Amino acid sequence: MIHYRKILELHDEGISLRGISSSTGHSRQKVTEIIGLAEKKGLVCPLEEEMTDKWIEEFLFPEKTMEASGRHPLSFDYIHEELAKPNVTLSLLHHEYEAECRANQKIPYSYRSFLRHYSNYADKYKATLRIRRKPGEIMEVDWAGSTAFIIDRDTGEKLKAYVFVATLPCSQFSYAEASLSMDSHSWITLHNNAYKYFGGTTQIVVPDNLKTSVTKHTTRELILNPAYKEMADYYNTVVMPARVRTPKDKASVEGSVGVISTWIIAALRNTHCFTIDELNEEVRKKLDEFNKRPFTRKKGSRLSAFEEEEKFALSPLPVAPYKMSEWKKTTVAPDYHVSFDSMFYSVPYEYINREVEVRVSDNLIEVFFNHMRIASHKRLYGKFGQTTTIHDHMPDNHKLFVDQTPEAAIEWAENIGESTLSVIRYLLDTSQTEKLALQSIFSLKKFERRYTKYEIERACKMVLSMTKRPTVKSIQTLLKTNKKNDAEQELKRKTEINTNNFGFTRGASYYGGTDK
(Lines give C-alpha, C1' and ligand atoms only; values in the text may rest on other atoms or scores of the structure.)
Protein backbone atom coordinates (compact mmCIF):
# COMPACT_ATOMS: atom_id res chain seq x y z
CA MET A 1 0.00 0.00 0.00
CA ILE A 2 1.31 3.43 -0.91
CA HIS A 3 1.70 5.84 1.99
CA TYR A 4 -0.41 8.63 0.50
CA ARG A 5 -1.04 10.50 3.74
CA LYS A 6 2.63 10.52 4.73
CA ILE A 7 3.70 11.77 1.29
CA LEU A 8 1.30 14.71 1.47
CA GLU A 9 2.22 15.58 5.07
CA LEU A 10 5.98 15.50 4.34
CA HIS A 11 5.44 17.67 1.28
CA ASP A 12 3.47 20.14 3.40
CA GLU A 13 6.44 20.30 5.83
CA GLY A 14 8.72 21.33 2.96
CA ILE A 15 10.66 18.06 2.56
CA SER A 16 12.21 17.64 -0.88
CA LEU A 17 11.00 15.02 -3.34
CA ARG A 18 14.21 13.06 -2.85
CA GLY A 19 13.73 13.10 0.92
CA ILE A 20 10.06 12.01 0.64
CA SER A 21 11.09 9.22 -1.73
CA SER A 22 13.74 7.94 0.68
CA SER A 23 11.42 8.21 3.69
CA THR A 24 8.43 6.39 2.13
CA GLY A 25 10.28 3.98 -0.14
CA HIS A 26 8.42 5.12 -3.27
CA SER A 27 9.95 6.42 -6.48
CA ARG A 28 10.23 10.14 -7.06
CA GLN A 29 8.01 9.79 -10.16
CA LYS A 30 5.22 8.28 -8.02
CA VAL A 31 5.69 10.92 -5.32
CA THR A 32 5.52 13.69 -7.94
CA GLU A 33 2.36 12.17 -9.48
CA ILE A 34 0.57 11.94 -6.12
CA ILE A 35 1.48 15.48 -5.06
CA GLY A 36 0.47 16.96 -8.45
CA LEU A 37 -2.87 15.11 -8.51
CA ALA A 38 -3.66 16.14 -4.93
CA GLU A 39 -3.00 19.79 -5.72
CA LYS A 40 -5.13 19.54 -8.86
CA LYS A 41 -8.07 18.09 -6.92
CA GLY A 42 -7.71 20.50 -4.02
CA LEU A 43 -6.53 17.99 -1.41
CA VAL A 44 -4.27 19.98 0.92
CA CYS A 45 -2.98 19.64 4.45
CA PRO A 46 -3.91 19.52 7.25
CA LEU A 47 -5.80 16.29 6.49
CA GLU A 48 -8.87 15.12 8.38
CA GLU A 49 -8.68 11.97 10.53
CA GLU A 50 -10.96 9.96 8.19
CA MET A 51 -8.62 10.65 5.26
CA THR A 52 -6.74 7.39 5.45
CA ASP A 53 -4.46 6.03 2.74
CA LYS A 54 -7.36 4.03 1.30
CA TRP A 55 -9.64 7.07 1.32
CA ILE A 56 -6.99 9.19 -0.41
CA GLU A 57 -6.36 6.47 -3.00
CA GLU A 58 -10.07 6.28 -3.85
CA PHE A 59 -10.14 10.06 -4.04
CA LEU A 60 -7.09 10.41 -6.27
CA PHE A 61 -7.44 7.21 -8.33
CA PRO A 62 -11.12 6.15 -8.43
CA GLU A 63 -10.42 4.04 -11.52
CA LYS A 64 -8.27 1.62 -9.48
CA THR A 65 -11.32 0.46 -7.52
CA MET A 66 -13.18 -0.06 -10.76
CA GLU A 67 -10.32 -2.00 -12.34
CA ALA A 68 -10.44 -4.40 -9.41
CA SER A 69 -14.01 -5.30 -10.36
CA GLY A 70 -12.81 -6.74 -13.67
CA ARG A 71 -14.88 -4.32 -15.76
CA HIS A 72 -13.62 -1.80 -18.27
CA PRO A 73 -12.82 1.41 -16.33
CA LEU A 74 -14.74 4.62 -16.98
CA SER A 75 -13.15 7.92 -18.01
CA PHE A 76 -15.08 10.27 -15.75
CA ASP A 77 -13.42 13.44 -16.98
CA TYR A 78 -14.39 12.52 -20.55
CA ILE A 79 -17.99 11.73 -19.50
CA HIS A 80 -18.32 15.00 -17.58
CA GLU A 81 -16.86 17.00 -20.46
CA GLU A 82 -19.08 15.37 -23.09
CA LEU A 83 -22.23 15.93 -21.05
CA ALA A 84 -21.68 19.68 -21.39
CA LYS A 85 -22.29 19.43 -25.15
CA PRO A 86 -25.78 19.94 -26.62
CA ASN A 87 -28.02 16.84 -26.92
CA VAL A 88 -25.42 14.49 -25.34
CA THR A 89 -26.93 12.24 -22.66
CA LEU A 90 -25.67 9.55 -20.31
CA SER A 91 -27.67 7.02 -22.29
CA LEU A 92 -25.74 7.92 -25.45
CA LEU A 93 -22.38 7.86 -23.64
CA HIS A 94 -23.17 4.45 -22.10
CA HIS A 95 -24.06 3.11 -25.56
CA GLU A 96 -20.71 4.33 -26.91
CA TYR A 97 -18.94 2.87 -23.84
CA GLU A 98 -20.53 -0.56 -24.47
CA ALA A 99 -19.49 -0.42 -28.14
CA GLU A 100 -15.90 0.32 -27.07
CA CYS A 101 -15.97 -2.61 -24.62
CA ARG A 102 -17.19 -5.01 -27.31
CA ALA A 103 -14.44 -3.85 -29.68
CA ASN A 104 -11.77 -4.41 -27.00
CA GLN A 105 -13.39 -7.58 -25.59
CA LYS A 106 -13.89 -5.99 -22.17
CA ILE A 107 -16.75 -6.37 -19.69
CA PRO A 108 -18.86 -3.18 -19.50
CA TYR A 109 -20.75 -1.74 -16.55
CA SER A 110 -24.55 -1.84 -16.73
CA TYR A 111 -26.32 1.46 -17.36
CA ARG A 112 -27.45 1.66 -13.72
CA SER A 113 -23.89 1.17 -12.45
CA PHE A 114 -22.60 3.57 -15.10
CA LEU A 115 -25.03 6.20 -13.84
CA ARG A 116 -24.24 5.52 -10.17
CA HIS A 117 -20.46 5.76 -10.64
CA TYR A 118 -20.75 9.04 -12.57
CA SER A 119 -23.08 10.52 -9.94
CA ASN A 120 -20.64 9.56 -7.15
CA TYR A 121 -17.78 11.07 -9.12
CA ALA A 122 -19.60 14.34 -9.84
CA ASP A 123 -20.84 14.69 -6.25
CA LYS A 124 -17.32 14.27 -4.90
CA TYR A 125 -15.11 16.04 -7.43
CA LYS A 126 -17.26 18.41 -9.51
CA ALA A 127 -19.33 21.43 -8.67
CA THR A 128 -22.24 20.41 -10.91
CA LEU A 129 -24.04 17.23 -11.85
CA ARG A 130 -24.85 17.33 -15.56
CA ILE A 131 -27.48 14.62 -15.72
CA ARG A 132 -30.54 16.90 -15.60
CA ARG A 133 -29.18 20.29 -16.73
CA LYS A 134 -26.51 21.19 -19.23
CA PRO A 135 -24.30 24.22 -18.59
CA GLY A 136 -25.37 27.37 -20.39
CA GLU A 137 -28.65 25.82 -21.53
CA ILE A 138 -31.36 27.46 -19.39
CA MET A 139 -31.98 30.66 -17.44
CA GLU A 140 -35.08 30.62 -15.23
CA VAL A 141 -36.63 34.00 -14.32
CA ASP A 142 -39.38 35.18 -11.99
CA TRP A 143 -40.42 37.82 -9.47
CA ALA A 144 -39.84 36.99 -5.82
CA GLY A 145 -43.03 36.46 -3.84
CA SER A 146 -41.84 38.78 -1.05
CA THR A 147 -41.16 42.47 -1.64
CA ALA A 148 -38.50 44.84 -0.35
CA PHE A 149 -39.14 48.53 0.29
CA ILE A 150 -37.66 52.02 0.11
CA ILE A 151 -38.66 55.04 2.17
CA ASP A 152 -40.05 58.26 0.68
CA ARG A 153 -37.89 61.09 2.05
CA ASP A 154 -40.78 63.57 2.11
CA THR A 155 -43.61 61.50 3.58
CA GLY A 156 -41.76 58.65 5.31
CA GLU A 157 -44.03 56.21 3.48
CA LYS A 158 -42.71 52.76 2.63
CA LEU A 159 -42.81 52.09 -1.11
CA LYS A 160 -42.81 48.53 -2.43
CA ALA A 161 -39.83 47.29 -4.43
CA TYR A 162 -40.26 44.09 -6.42
CA VAL A 163 -37.28 41.72 -6.61
CA PHE A 164 -36.42 40.07 -9.93
CA VAL A 165 -34.61 36.70 -9.72
CA ALA A 166 -32.72 34.85 -12.49
CA THR A 167 -31.09 31.46 -11.89
CA LEU A 168 -28.87 29.14 -13.96
CA PRO A 169 -30.13 25.66 -12.94
CA CYS A 170 -26.88 23.84 -13.71
CA SER A 171 -24.70 25.77 -11.25
CA GLN A 172 -27.52 27.41 -9.22
CA PHE A 173 -25.75 30.75 -9.78
CA SER A 174 -28.32 33.53 -9.30
CA TYR A 175 -28.96 37.20 -9.98
CA ALA A 176 -31.32 39.53 -8.12
CA GLU A 177 -32.31 43.16 -8.55
CA ALA A 178 -35.08 45.34 -7.13
CA SER A 179 -37.44 47.45 -9.25
CA LEU A 180 -40.24 49.88 -8.43
CA SER A 181 -42.38 48.48 -11.24
CA MET A 182 -43.27 45.11 -12.73
CA ASP A 183 -44.11 46.51 -16.19
CA SER A 184 -42.70 45.31 -19.50
CA HIS A 185 -39.94 47.94 -19.60
CA SER A 186 -38.65 46.94 -16.15
CA TRP A 187 -38.95 43.21 -16.96
CA ILE A 188 -36.79 43.48 -20.09
CA THR A 189 -34.30 45.89 -18.50
CA LEU A 190 -33.74 43.39 -15.68
CA HIS A 191 -33.12 40.63 -18.25
CA ASN A 192 -30.44 42.84 -19.82
CA ASN A 193 -28.83 43.34 -16.41
CA ALA A 194 -28.95 39.61 -15.63
CA TYR A 195 -27.22 38.72 -18.90
CA LYS A 196 -24.58 41.35 -18.16
CA TYR A 197 -24.04 39.92 -14.66
CA PHE A 198 -23.66 36.37 -16.00
CA GLY A 199 -21.40 37.57 -18.80
CA GLY A 200 -23.32 35.69 -21.51
CA THR A 201 -26.68 34.33 -22.65
CA THR A 202 -28.33 30.92 -22.41
CA GLN A 203 -30.02 28.89 -25.13
CA ILE A 204 -33.40 28.96 -23.38
CA VAL A 205 -35.24 31.35 -21.05
CA VAL A 206 -38.00 29.93 -18.84
CA PRO A 207 -40.32 32.65 -17.45
CA ASP A 208 -43.65 32.35 -15.71
CA ASN A 209 -46.88 33.13 -17.62
CA LEU A 210 -46.78 36.85 -16.87
CA LYS A 211 -48.42 39.39 -19.20
CA THR A 212 -45.02 41.01 -19.65
CA SER A 213 -43.75 37.81 -21.29
CA VAL A 214 -46.73 35.80 -22.54
CA THR A 215 -49.88 37.02 -24.30
CA LYS A 216 -51.54 33.60 -24.64
CA HIS A 217 -50.41 30.13 -23.53
CA THR A 218 -52.55 27.06 -24.09
CA THR A 219 -51.78 23.45 -24.96
CA ARG A 220 -52.21 24.34 -28.63
CA GLU A 221 -50.99 27.89 -28.90
CA LEU A 222 -48.24 30.07 -27.48
CA ILE A 223 -48.19 33.81 -28.21
CA LEU A 224 -45.37 35.82 -26.67
CA ASN A 225 -45.46 39.50 -25.83
CA PRO A 226 -43.99 41.20 -28.98
CA ALA A 227 -41.37 43.17 -27.05
CA TYR A 228 -40.28 40.08 -25.08
CA LYS A 229 -40.06 37.97 -28.25
CA GLU A 230 -38.00 40.70 -29.90
CA MET A 231 -35.59 40.71 -26.94
CA ALA A 232 -35.23 36.91 -27.15
CA ASP A 233 -34.50 37.12 -30.88
CA TYR A 234 -31.90 39.83 -30.24
CA TYR A 235 -30.06 37.59 -27.76
CA ASN A 236 -30.55 34.52 -29.98
CA THR A 237 -32.37 32.63 -27.25
CA VAL A 238 -35.68 30.74 -27.10
CA VAL A 239 -38.51 31.54 -24.67
CA MET A 240 -40.19 28.44 -23.22
CA PRO A 241 -42.69 29.55 -20.54
CA ALA A 242 -43.44 27.17 -17.71
CA ARG A 243 -46.76 25.39 -17.97
CA VAL A 244 -49.63 27.00 -16.12
CA ARG A 245 -49.72 25.90 -12.45
CA THR A 246 -46.61 23.75 -12.96
CA PRO A 247 -43.85 25.22 -10.72
CA LYS A 248 -41.66 22.15 -11.29
CA ASP A 249 -41.00 23.43 -14.82
CA LYS A 250 -38.79 26.06 -13.22
CA ALA A 251 -37.95 24.43 -9.92
CA SER A 252 -34.49 26.05 -9.70
CA VAL A 253 -35.77 29.61 -9.74
CA GLU A 254 -38.65 28.68 -7.42
CA GLY A 255 -36.08 27.33 -4.96
CA SER A 256 -33.82 30.35 -5.45
CA VAL A 257 -36.77 32.69 -4.89
CA GLY A 258 -37.38 31.14 -1.50
CA VAL A 259 -33.71 31.25 -0.52
CA ILE A 260 -33.22 34.80 -1.83
CA SER A 261 -36.35 35.92 0.00
CA THR A 262 -34.60 34.77 3.19
CA TRP A 263 -30.97 35.70 2.57
CA ILE A 264 -31.55 38.99 0.74
CA ILE A 265 -35.05 40.41 1.26
CA ALA A 266 -35.47 39.30 4.88
CA ALA A 267 -31.84 40.15 5.64
CA LEU A 268 -32.53 43.76 4.53
CA ARG A 269 -35.72 44.14 6.58
CA ASN A 270 -34.05 46.58 9.00
CA THR A 271 -32.03 48.43 6.35
CA HIS A 272 -33.52 51.80 5.40
CA CYS A 273 -32.89 52.92 1.81
CA PHE A 274 -34.30 56.09 0.25
CA THR A 275 -33.75 55.37 -3.45
CA ILE A 276 -33.93 52.28 -5.61
CA ASP A 277 -30.22 52.63 -6.39
CA GLU A 278 -29.34 52.54 -2.68
CA LEU A 279 -31.51 49.45 -2.24
CA ASN A 280 -29.86 47.69 -5.18
CA GLU A 281 -26.41 48.41 -3.76
CA GLU A 282 -27.45 46.52 -0.62
CA VAL A 283 -29.09 43.77 -2.69
CA ARG A 284 -25.87 43.31 -4.68
CA LYS A 285 -23.83 42.91 -1.47
CA LYS A 286 -26.22 40.27 -0.15
CA LEU A 287 -26.31 38.60 -3.57
CA ASP A 288 -22.52 38.28 -3.65
CA GLU A 289 -22.59 36.74 -0.17
CA PHE A 290 -25.34 34.36 -1.28
CA ASN A 291 -23.46 33.16 -4.37
CA LYS A 292 -20.23 32.68 -2.39
CA ARG A 293 -21.81 30.69 0.46
CA PRO A 294 -20.43 27.10 0.44
CA PHE A 295 -22.77 24.29 -0.56
CA THR A 296 -23.99 22.20 2.36
CA ARG A 297 -23.52 18.73 0.88
CA LYS A 298 -20.84 19.19 -1.74
CA LYS A 299 -17.66 21.06 -2.40
CA GLY A 300 -17.65 24.64 -3.68
CA SER A 301 -20.22 27.41 -3.96
CA ARG A 302 -22.59 28.76 -6.58
CA LEU A 303 -19.89 31.17 -7.75
CA SER A 304 -17.18 28.52 -8.06
CA ALA A 305 -19.62 26.12 -9.73
CA PHE A 306 -20.53 28.82 -12.25
CA GLU A 307 -16.94 29.82 -13.02
CA GLU A 308 -15.63 26.26 -13.28
CA GLU A 309 -18.58 24.39 -14.76
CA GLU A 310 -20.95 26.76 -16.61
CA LYS A 311 -19.49 30.11 -17.60
CA PHE A 312 -17.63 28.60 -20.57
CA ALA A 313 -20.90 27.33 -22.07
CA LEU A 314 -22.71 30.69 -22.20
CA SER A 315 -23.13 32.35 -25.59
CA PRO A 316 -21.29 35.68 -25.96
CA LEU A 317 -23.19 38.91 -25.41
CA PRO A 318 -23.95 41.27 -28.34
CA VAL A 319 -21.84 44.42 -28.64
CA ALA A 320 -24.69 46.54 -27.22
CA PRO A 321 -27.54 45.49 -24.89
CA TYR A 322 -31.05 45.17 -26.27
CA LYS A 323 -32.96 48.45 -26.43
CA MET A 324 -36.50 48.21 -25.17
CA SER A 325 -39.31 48.60 -27.70
CA GLU A 326 -43.00 49.17 -27.01
CA TRP A 327 -45.77 47.93 -29.31
CA LYS A 328 -49.27 49.34 -29.72
CA LYS A 329 -52.12 49.00 -32.22
CA THR A 330 -53.77 52.09 -33.68
CA THR A 331 -55.78 53.25 -36.70
CA VAL A 332 -54.38 55.65 -39.31
CA ALA A 333 -56.20 58.98 -39.12
CA PRO A 334 -57.78 60.68 -42.19
CA ASP A 335 -54.76 63.01 -42.28
CA TYR A 336 -52.58 59.85 -42.83
CA HIS A 337 -50.82 60.22 -39.45
CA VAL A 338 -50.61 58.04 -36.33
CA SER A 339 -50.13 59.46 -32.85
CA PHE A 340 -47.96 58.40 -29.93
CA ASP A 341 -47.52 60.45 -26.76
CA SER A 342 -49.34 63.36 -28.46
CA MET A 343 -46.83 63.40 -31.33
CA PHE A 344 -47.88 62.68 -34.91
CA TYR A 345 -46.06 60.59 -37.53
CA SER A 346 -47.05 60.12 -41.19
CA VAL A 347 -47.69 56.87 -43.07
CA PRO A 348 -48.52 56.42 -46.80
CA TYR A 349 -52.00 57.88 -47.42
CA GLU A 350 -53.17 54.55 -48.91
CA TYR A 351 -53.40 53.18 -45.33
CA ILE A 352 -55.96 55.73 -44.09
CA ASN A 353 -58.48 54.05 -41.72
CA ARG A 354 -56.37 50.84 -41.62
CA GLU A 355 -55.28 49.25 -38.32
CA VAL A 356 -51.49 49.23 -37.97
CA GLU A 357 -48.92 48.24 -35.33
CA VAL A 358 -46.52 50.86 -34.00
CA ARG A 359 -43.13 49.86 -32.59
CA VAL A 360 -41.64 52.52 -30.33
CA SER A 361 -38.05 52.60 -29.09
CA ASP A 362 -36.08 55.40 -27.43
CA ASN A 363 -35.05 56.95 -30.76
CA LEU A 364 -37.28 55.41 -33.43
CA ILE A 365 -40.95 55.05 -34.39
CA GLU A 366 -41.77 52.24 -36.83
CA VAL A 367 -45.21 51.48 -38.32
CA PHE A 368 -46.13 47.98 -39.55
CA PHE A 369 -49.09 46.69 -41.59
CA ASN A 370 -49.47 42.90 -41.84
CA HIS A 371 -45.92 42.51 -40.41
CA MET A 372 -44.51 44.74 -43.18
CA ARG A 373 -42.85 48.03 -42.23
CA ILE A 374 -44.52 50.90 -44.07
CA ALA A 375 -42.97 53.91 -42.29
CA SER A 376 -40.22 54.88 -39.86
CA HIS A 377 -39.48 58.19 -38.13
CA LYS A 378 -37.06 59.59 -35.60
CA ARG A 379 -38.95 59.83 -32.33
CA LEU A 380 -40.07 63.35 -31.34
CA TYR A 381 -39.60 64.80 -27.85
CA GLY A 382 -40.51 68.10 -26.27
CA LYS A 383 -43.59 70.20 -26.97
CA PHE A 384 -46.80 68.22 -27.50
CA GLY A 385 -48.43 68.23 -30.92
CA GLN A 386 -45.29 68.10 -33.05
CA THR A 387 -45.70 66.49 -36.46
CA THR A 388 -43.27 64.78 -38.81
CA THR A 389 -44.44 64.16 -42.38
CA ILE A 390 -42.58 62.42 -45.19
CA HIS A 391 -43.21 63.95 -48.62
CA ASP A 392 -43.77 60.58 -50.32
CA HIS A 393 -46.60 59.76 -47.90
CA MET A 394 -48.80 62.60 -49.23
CA PRO A 395 -51.49 62.45 -51.93
CA ASP A 396 -50.51 64.23 -55.16
CA ASN A 397 -52.67 67.30 -54.48
CA HIS A 398 -51.10 67.72 -51.03
CA LYS A 399 -47.62 67.37 -52.50
CA LEU A 400 -48.40 70.16 -54.97
CA PHE A 401 -49.47 72.49 -52.18
CA VAL A 402 -46.64 71.62 -49.80
CA ASP A 403 -44.05 72.09 -52.52
CA GLN A 404 -44.87 75.83 -52.59
CA THR A 405 -41.76 77.66 -51.35
CA PRO A 406 -40.21 80.97 -52.49
CA GLU A 407 -37.29 79.09 -53.98
CA ALA A 408 -39.55 76.66 -55.86
CA ALA A 409 -41.69 79.57 -57.14
CA ILE A 410 -38.68 81.44 -58.49
CA GLU A 411 -37.32 78.29 -60.10
CA TRP A 412 -40.69 77.73 -61.82
CA ALA A 413 -40.84 81.33 -63.05
CA GLU A 414 -37.33 81.14 -64.51
CA ASN A 415 -38.51 78.23 -66.70
CA ILE A 416 -41.45 80.33 -67.98
CA GLY A 417 -39.78 83.65 -68.82
CA GLU A 418 -38.45 87.00 -67.62
CA SER A 419 -41.85 88.69 -67.34
CA THR A 420 -43.24 85.83 -65.25
CA LEU A 421 -40.15 85.99 -63.02
CA SER A 422 -40.73 89.72 -62.50
CA VAL A 423 -44.34 89.09 -61.48
CA ILE A 424 -43.32 86.36 -59.02
CA ARG A 425 -40.65 88.56 -57.45
CA TYR A 426 -43.17 91.39 -57.12
CA LEU A 427 -45.69 89.11 -55.37
CA LEU A 428 -43.07 87.81 -52.95
CA ASP A 429 -41.72 91.27 -52.14
CA THR A 430 -45.00 93.14 -51.69
CA SER A 431 -47.29 90.58 -50.05
CA GLN A 432 -48.07 91.06 -46.36
CA THR A 433 -47.02 87.50 -45.54
CA GLU A 434 -45.10 84.85 -47.36
CA LYS A 435 -48.08 82.49 -47.02
CA LEU A 436 -50.39 84.87 -48.93
CA ALA A 437 -47.79 85.34 -51.64
CA LEU A 438 -47.36 81.59 -52.06
CA GLN A 439 -51.14 81.11 -52.27
CA SER A 440 -51.26 83.67 -55.12
CA ILE A 441 -48.32 82.02 -56.87
CA PHE A 442 -49.96 78.61 -56.42
CA SER A 443 -53.05 79.95 -58.22
CA LEU A 444 -50.83 81.31 -60.98
CA LYS A 445 -49.01 77.99 -61.37
CA LYS A 446 -52.34 76.18 -61.79
CA PHE A 447 -52.89 78.17 -65.04
CA GLU A 448 -50.23 75.94 -66.55
CA ARG A 449 -52.85 73.17 -66.71
CA ARG A 450 -54.87 75.16 -69.34
CA TYR A 451 -52.37 77.51 -70.89
CA THR A 452 -48.94 77.13 -72.46
CA LYS A 453 -45.78 78.70 -71.08
CA TYR A 454 -45.82 81.13 -74.00
CA GLU A 455 -49.37 82.27 -73.15
CA ILE A 456 -48.51 82.79 -69.46
CA GLU A 457 -45.35 84.71 -70.31
CA ARG A 458 -47.25 86.90 -72.84
CA ALA A 459 -49.99 87.68 -70.30
CA CYS A 460 -47.40 88.63 -67.64
CA LYS A 461 -45.62 90.87 -70.15
CA MET A 462 -48.85 92.59 -71.09
CA VAL A 463 -49.79 93.15 -67.43
CA LEU A 464 -46.38 94.66 -66.66
CA SER A 465 -46.79 97.01 -69.64
CA MET A 466 -50.12 98.22 -68.25
CA THR A 467 -49.40 98.48 -64.51
CA LYS A 468 -46.61 98.29 -61.98
CA ARG A 469 -48.87 96.32 -59.61
CA PRO A 470 -49.67 93.05 -61.35
CA THR A 471 -52.18 90.69 -59.81
CA VAL A 472 -53.06 87.10 -60.46
CA LYS A 473 -56.62 88.17 -61.30
CA SER A 474 -55.45 90.56 -64.02
CA ILE A 475 -53.18 87.89 -65.48
CA GLN A 476 -56.09 85.43 -65.48
CA THR A 477 -58.29 87.98 -67.26
CA LEU A 478 -55.66 88.58 -69.91
CA LEU A 479 -55.13 84.86 -70.40
CA LYS A 480 -58.84 84.38 -71.02
CA THR A 481 -59.01 87.46 -73.31
CA ASN A 482 -55.93 86.43 -75.26
CA LYS A 483 -57.26 82.92 -75.57
CA LYS A 484 -60.57 84.27 -76.91
CA ASN A 485 -58.88 86.71 -79.31
CA ASP A 486 -56.54 84.02 -80.55
CA ALA A 487 -59.52 81.75 -81.16
CA GLU A 488 -61.43 84.51 -83.06
CA GLN A 489 -58.43 85.39 -85.19
CA GLU A 490 -57.89 81.74 -86.02
CA LEU A 491 -61.54 81.38 -87.02
CA LYS A 492 -61.38 84.56 -89.18
CA ARG A 493 -58.26 83.33 -90.92
CA LYS A 494 -59.87 80.02 -91.75
CA THR A 495 -63.00 81.80 -93.03
CA GLU A 496 -61.00 84.08 -95.33
CA ILE A 497 -59.17 81.11 -96.78
CA ASN A 498 -62.48 79.37 -97.52
CA THR A 499 -64.00 82.57 -99.11
CA ASN A 500 -61.05 83.24 -101.44
CA ASN A 501 -60.71 79.65 -102.36
CA PHE A 502 -61.70 79.82 -106.13
CA GLY A 503 -60.23 78.50 -109.47
CA PHE A 504 -59.53 80.10 -112.87
CA THR A 505 -62.63 80.48 -115.13
CA ARG A 506 -61.93 79.92 -118.82
CA GLY A 507 -63.86 82.08 -121.37
CA ALA A 508 -65.74 80.95 -124.47
CA SER A 509 -62.77 81.88 -126.62
CA TYR A 510 -60.81 79.17 -124.84
CA TYR A 511 -63.20 76.65 -126.21
CA GLY A 512 -63.38 78.32 -129.67
CA GLY A 513 -66.47 80.41 -129.00
CA THR A 514 -66.97 84.19 -129.17
CA ASP A 515 -67.07 86.38 -126.11
CA LYS A 516 -70.00 88.76 -126.00
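Let me begin with Glu 82, which counts as buried because its relative accessibility is 13%; buried means under 20% relative accessible area, exposed over 50%, and partly exposed in between, with a 1.4 Å probe and protein chains only. Before going on: this is a predicted model, where local features need pLDDT of at least 70 and side-chain atom pairs count only at pLDDT 80 or more, while totals for chains, interfaces and linings use all residues. Residues are numbered from 1 along each chain as its sequence is written, and side-chain values use heavy atoms, with hydrogens and water left out.

Back to Glu 82, found in helix α6, residues 76–82. Helices here are DSSP runs of H or I with at least four residues, strands are runs of E with at least two, and both are numbered from the N terminus. Leaving aside residues up to four places away in sequence, Glu 82 touches Val 88 and Leu 93, where contact means heavy atoms within 4.5 Å.

Next, helix α16, residues 418–430. Its 13 residues reach 18 Å from first C-alpha to last, close to the 18 Å expected at 1.5 Å a residue; the expected span is 1.5 Å times one less than the number of residues. Buried residues in α16 are Ser 419, Thr 420, Leu 421, Val 423, Ile 424 and Leu 427.

Now the rings. How many aromatic pairs does a search of the whole structure find? It finds 16. Rings of Phe, Tyr and Trp (its six-membered ring) pair if their centres lie within 6.5 Å; planes under 30 degrees apart count as stacked, over 60 as edge-to-face, and the rest as tilted. Tyr 175 and Tyr 197 have ring centres 5.0 Å apart and planes at 45°, so this pair is tilted. The pair links distant parts of the chain, with Tyr 175 in strand β3 (173–179) and Tyr 197 in helix α9 (184–198), 22 residues apart. Tyr 175 is buried at 3% relative accessibility, whereas Tyr 197 is partly exposed at 22%.

Tyr 195 and Tyr 235 also make a tilted pair, because their centres are 4.7 Å apart and their planes at 45°. Tyr 195 lies in α9 and Tyr 235 in the loop between α10 (226–234) and β7 (238–239), so the pair ties together parts 40 residues apart in sequence. Tyr 195 is buried at 1%, and Tyr 235 is buried at 5%.

Last, a charge over a ring: Arg 293 lies over the face of Trp 263, 4.0 Å from the ring centre. That requires NZ of Lys or CZ of Arg within 6 Å of the ring centre and within 35 degrees of the ring normal.
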